[in-house]
Amino acid sequence: MVRHTATSVVTIERFIIEQERQHPEATGELSGILYDIALAAKMIASKVRMAGLADILGSAGAENVQGEVQQKLDVVSNEIIIKAMDHTGRLCAMASEEEPGIIQIPENFRCGKYVLLFDPLDGSSNIDVNVPVGTIFSVVRKITRGRHGEMEDLLQPGRRQVAAGYVIYGSSTMLVYTTGQGVHGFTLDPSIGEFLLSHPNIRIPDDGRYLSVNDSYEQLWDDNVKMLMRRYRGLEGGTKALSVRYVGSLVADFHRNLLGGGIFAYPANRKSHKGKLRLLYEANPLGFIVEQAGGAASDGTIRVLDVLPTELHQRTPLYIGSKSCVEMAKECLSGVSQLVGA
Ligand code: P6P
């Protein structure tokens, strides 16, 4: 494999081809999916960048399957991804946070052997206040027979992912992905419309630096979760205090911790026994990335990538980041999360 440095001028397309060449058996379909996601990301980035100007702020009024009022950019981003992917012949089905069920490939298009699951614009409630938002995606192989994707193809554990990534629309637009050969980051150069390799072989620091948690839920947490958060804050057991950084936008919080080291935690609580975050298109893709970067992701009991999905939009508690921080969570929670999650 060509070892690139951050000063190498490498487009994402060239990098994808170089990675594909390491797999003689590759048909190029997965590479094509990554190209198409990069295209959709550029289109969404241009909409996000214009959000404050193009008067597409404010909610579309419609409610999505989560019962949340949809921001117009949610709707636009969802449509962009579906239209960029549905005719390529690489997918047999899709699933989106914004859609209740399977997104089938139209009859007039060829079906392929992959499934794409995605959150088109996570954290979109932050758009109006110019806080970074993100797109998250996960790719698994079709496991059922027949042409079209079925629910069984979508409800696969995260360990079966063949690719995963996110786009963060922040001070710059970055696409970070893995196909199981490390984690690589690409920054969009808007002057040429290209994603250029800026963060080859991302590794998460073993030692945590940041704690990202919304502790306004403290009164709903179990005692062991409260104990864990005190340990993260250096108030128990002689642990080092982590700096608290919480944006309230998963991709922004995750990305900072991936590069700087730390833990993002969204615990279960007495109101929401599975927490808030979605397993299939939030926890699993970020879990694949963080493991490939040398970190870990747990639901407080088991590895997130080993959780067996039963519903498309199911939620999961999430502790994700530097390995030592996730291990501390599992130690503190081991005897309790079964009760909370029951
Ligand atoms: P809370 C945004 O709505 C989101 O889905 C994630 O991006 C973010 O991490 C989380 O919710 C924030 O949730 O309950 O802290 O506002």
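## Tour of the ligand site and salt bridges

Start at aspartate 122: an N or O atom of its side chain lies 2.5 Å from an oxygen atom of the ligand. The model is predicted.

Next, select tyrosine 217, where a side-chain N or O atom is 2.4 Å from a ligand oxygen. Then go to tyrosine 246; here the separation between a ligand oxygen and an N or O atom of the side chain is 2.5 Å.

Now widen the selection to the residues around the ligand. They are Asp122, Gly123, Asn214, Tyr217, Tyr246, Gly248, Ser249, Leu250, Phe264, Tyr266 and Lys276. Coloured by class, this shell shows five nonpolar, four polar and two charged residues.

Leave the ligand and turn to the salt bridges. How many does the structure hold? There are 13 salt bridges. Side chains of opposite charge can pair when their charged atoms come close.

For one of them, select aspartate 36 and arginine 90, whose closest N and O atoms are 2.4 Å apart. Arginine 90, with a relative accessible area of 22%, is partly exposed.

Move to helix 5 (residues 223–232), which contains both aspartate 223 and lysine 226; the two are three residues apart, about one turn of the helix. Their salt bridge has its closest N and O atoms 4.0 Å apart. Aspartate 223 is exposed, at 56% relative accessibility, and lysine 226 is partly exposed, at 25%.

For the last stop, select Arg159, Glu291, Arg303 and Asp306 together: a network of salt bridges links these residues. Within this group, show the side chains of arginine 303 and aspartate 306, which meet in a salt bridge with an N to O distance of 3.1 Å. Aspartate 306 is partly exposed, with a relative accessible area of 28%. Arginine 303 also counts as partly exposed, at 32% relative accessibility.

Terms used
Residues numbered from 1 in each chain as written. Predicted model: local features only at pLDDT ≥ 70, side-chain atom pairs only at ≥ 80, totals over all residues. Heavy atoms only, no water. Near = heavy atom within 4 Å. Polar contact = N/O pair within 3.5 Å; in protein donor to acceptor, adjacent residues only side chain to side chain. Nonpolar A, V, L, I, M, F, W, Y, C, P; charged D, E, K, R; others polar. Buried < 20%, exposed > 50% of the residue type's maximum accessible area, 1.4 Å probe, protein only. Helix = DSSP H or I, 4+ residues; strand = E, 2+ residues; numbered from the N terminus.
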